[in-house]
Amino acid sequence: MARLQVAIDLLTTEEALALAAKVAPYVDIIELGTPLIKNMGSTVITAMKAAHPDKLVFADLKTADAGELEADIAFKAGADLVTVLGVSGNATIIGAVKAAKAHGKGVVVDTIGHPDRVKRAREVTELGVDFVELHAGLDEQWAEGYSIQVLIDEASVVGVPVSIAGGVNINNIDAVIKAGAQVAVAGAAIYAAEDPAAAAKALAEAIRLA
């Protein structure tokens, strides 16, 4: 069954831990957003893993260079998964995968900003990554005319393990899963909800029924 990932796009360890405590019963993967890690450092990774040892902690590093080194830092801090940008060179991804194998952890390639997400997803899957994130970032989502349907369409034809991130919510989660996404990544649909726990529970239930 597909898994639910919460993207925590908050800025302090305290806020992140408070949100995770509310939604942990309903999510499989806890993602620490790039701004959060840049603001708090790797200590937020350690704190989250200590608080939720039974969850996969996803460090959204968006590494563009020094793949092995950056991944190693995150894995030593407690991360289970790290992201490397799909627009980076293959050597960077290969380095991160090397670090992941050394720690028994995993790498996810984030396709944000890549002009051909489907092509790149197929290419990097050959490098040993766990899965590829078909990702429309916040700036792209806020652009006029954006629709998550573009990611859903890509997932339906890509033919490799992928997650979808870019506006997943209760209204489109069924389509996201039916397109073949192994992981649905929900950010604002959870953390900006009046009741984040209820929002996460509803998304988890929708995944189960999809």
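**Terms and their grounds**

Reply: In this predicted model, helix H8 lies across strands E6 and E7 and runs at about 175 degrees to E7.

Me: What makes Leu-151, Ile-152, Glu-154, Ala-155 and Val-158 of H8 count as buried?

Reply: Buried means under 20% relative accessible area. Leu-151, Ile-152, Glu-154, Ala-155 and Val-158, in helix H8 (residues 149-158), are classed as buried, so each falls under that cut-off.

Me: Why are these residues said to be on the same side of H8?

Reply: They cover an arc of only 160 degrees around the axis, and therefore lie on the same side of H8. Among the elements that cover them are helix H6 (117-125), strand E6 (131-135), strand E7 (162-165) and helix H9 (173-178). After H8 comes Gly-159, with a positive phi near 75 degrees.

Me: Why is Lys-62 called partly exposed?

Reply: Its relative accessibility is 23%. Buried requires under 20% and exposed over 50%, so Lys-62, at 23%, belongs in between. Lys-62 is part of strand E3 (residues 56-63).

Me: Why is Ala-66 placed in the partly exposed class?

Reply: The relative accessible area of Ala-66 is 34%; because that value lies between 20% and 50%, the residue is partly exposed. Ala-66 is found in the loop between E3 and helix H4 (67-77).

Me: What makes the phi of Lys-62 worth noting?

Reply: Most residues other than glycine have a negative phi. Lys-62 is not a glycine, yet its phi is positive, near 50 degrees. Ala-66, also not a glycine, has a positive phi of about 55 degrees.

Me: In what order do the 8 strands close into a barrel?

Reply: The order is E1-E2-E3-E4-E5-E6-E7-E8, with parallel pairing. Neighbouring strands of this sheet are turned by 25 degrees against each other on average, direction ignored.

Me: Which residues touch the most other members of the largest nonpolar core?

Reply: Of its 62 residues, they are Ile-8, Leu-32, Ile-45, Val-82, Ile-164 and Val-176. Helix H5 (residues 90-103) gives the largest share of this core, 5 residues. A second, separate core of 9 residues includes Ile-29, Phe-58, Val-108 and Phe-131.

Notes
Residues numbered from 1 in each chain as written. Predicted model: local features only at pLDDT ≥ 70, side-chain atom pairs only at ≥ 80, totals over all residues. Heavy atoms only, no water. Helix = DSSP H or I, 4+ residues; strand = E, 2+ residues; numbered from the N terminus. Buried < 20%, exposed > 50% of the residue type's maximum accessible area, 1.4 Å probe, protein only. Core = buried A, V, L, I, M, F, W, Y, C linked by side-chain atoms within 4.5 Å. Arc of directions from axis to C-beta. Contact = heavy atoms within 4.5 Å. Pairing = 2+ DSSP bridges. Axes fitted to C-alpha atoms, helices over the stretch in contact; angles between N-to-C directions.
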